[in-house]
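Look over the sequence and the fold before reading on.

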Amino acid sequence: MSDLSQPLSPAELDELDDFLDVPELEERSMDLSALEGYLTAIVIGPQTVMPSRWLPWVWDMEEGRAEPAFDNLDHANRIMNLLMRFMNSIARAFMDDPASFAPIYWREAHWGAAEWCEGFLLGTQFNDEAWSLLWVGKPQLATPFLRLGTDDGIEITRKAGDADRWMEAVEPALVEIHAFWRARRASQPAELVGDDFHLGQPRTPVTRATLKVGRNDPCPCGSGKKYKKCCGVSSGSPTLH
């Protein structure tokens with residue numbers, strides 16, 4: 001098994017994406033954009049979340065119940081290795097220089113900002129009460145994710161025509177959120193971090209964004225290929241989806 005601190009290569013990102021595209025998981029699992037947003041919320045959030053809690057939602061964004069179909073134990077270990085390295089690369093970016101982190105929708109235009117923010121909001125469910133306190137105290141930090149990652153927010157954003165504004169607002173919001181939770185963690189003894197967040201409370205449902213081009217939808221150009229493998233790849237600008 002490779003070093004878990006090693007970032008994923010482009011080929012390995014494709015390998016992980018292809019696994020998430022298998023028929024058993026398709027349309028219920030996260031794509032890479034949603035996965036990165038989801039893991040980012042977990043990494044920079046108020047408390048460590050064990051993989052046994054967050055993994056089921058990678059396979060099933062609706063209910064966290066779907067089971068992945070691994071070929072064998074080696075295959076399962078391989079996918080787990082890719083997931084943990086993907087998560088660790090996010091953690092490393094925020095440890096080294098939070099302002100340098102760029103969501104995948106800026107790095108590759110065929111990944112959508114809506115999926116990224118939807119994943120981020122889903123990642124807040126594990127410490128829902130703590131995140132709610134942050135959103136109440138600093139609502140401006142929640143706005144980019146709500147405007148891009150929920151059905152109601154996307155409808156407002158499309159009508160206002162200001163998607164670029166909110167996509168650009170995500171990164172500074174992440175920097176401030178990371179600093180907020182880092183300071184809170186540092187102010188508490190390690191064994192007490194998160195003890196006052198009342199885990200296990202019913203989570204606030206996250207409304208899935210549906211006004212977007214699915215990662216497996218046929219490309220509008222009529223080529224017969226998936227959008228992400230066709231016109232989406234050549235697009236030079238980040239997309240909402």
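Which residues form one aromatic cluster? The members are Phe94, Phe101, Tyr105, Trp106, Trp116, Phe120, Trp131, Trp135, Phe145, Phe180 and Trp181. The model is predicted, so local features need pLDDT of at least 70 and side-chain atom pairs count only at pLDDT 80 or more, while totals for chains, interfaces and linings use all residues. Residues are numbered from 1 along each chain as its sequence is written, and side-chain values use heavy atoms, with hydrogens and water left out.

Aromatic pairs are rings of Phe, Tyr and Trp (its six-membered ring) whose centres lie within 6.5 Å; planes under 30 degrees apart count as stacked, over 60 as edge-to-face and the rest as tilted. The whole structure holds 16 aromatic pairs. One of them is stacked: Phe19 and Phe70, at 5.4 Å centre to centre with 5° between the planes. This pair links distant parts of the chain, 51 residues apart, with Phe19 in helix H1 (residues 10–20) and Phe70 in the loop between helix H3 (51–59) and helix H4 (73–96). Helices here are DSSP runs (H or I, at least four residues), and strands (E) need at least two; both are numbered from the N terminus. For accessibility, buried means under 20% relative accessible area, exposed over 50% and partly exposed in between (1.4 Å probe, protein chains only). Phe19 counts as buried because its relative accessibility is 5%, and Phe70 counts as partly exposed because its value is 29%.

The rings of Phe120 and Trp131 have their centres 5.8 Å apart and their planes at 85°, so this pair is edge-to-face. Phe120 lies in helix H6 (residues 113–123) and Trp131 in helix H7 (residues 128–137), eleven residues apart. Phe120 is buried at a relative accessible area of 0%, and Trp131 is buried at 1%.

How many residues of H6 are buried? Eleven of its eleven residues are, including Glu115, Glu118 and Gly123. Axes are lines fitted to C-alpha atoms, for helices over the stretch in contact, and angles run from 0 to 180 degrees between N-to-C directions. For H6 and H8 the angle is about 120° and the axes are 8 Å apart. The two helices are therefore oblique to each other; angles under 35 degrees count as roughly parallel, over 145 as roughly antiparallel, 65 to 115 as roughly perpendicular and the rest as oblique. Contact (heavy atoms within 4.5 Å) is made by residues including Trp116 and Phe120 of H6 and Phe145 of H8.

Helix H2 (residues 32–44) packs with H4 at an angle of about 55°, their axes 9 Å apart, and H2 and H4 are therefore oblique to each other. Among the residues that meet are Leu35, Leu39 and Val43 in H2 and Phe86, Ile90 and Phe94 in H4.

Thr150 counts as buried because its relative accessibility is 13%, and its side chain reaches the backbone nitrogen of Gly153 at 3.1 Å.

Taken as a whole, the protein chain has eleven helices and zero strands. Buried residues make up 49% of its 241 residues. Among contacts between residues at least 6 apart in sequence, 74% join residues at least 24 apart.

Terms used:
A polar contact is a pair of N or O atoms within 3.5 Å; within protein, one must be able to donate a hydrogen and the other to accept it, and residues adjacent in sequence count only if both atoms are side-chain atoms.
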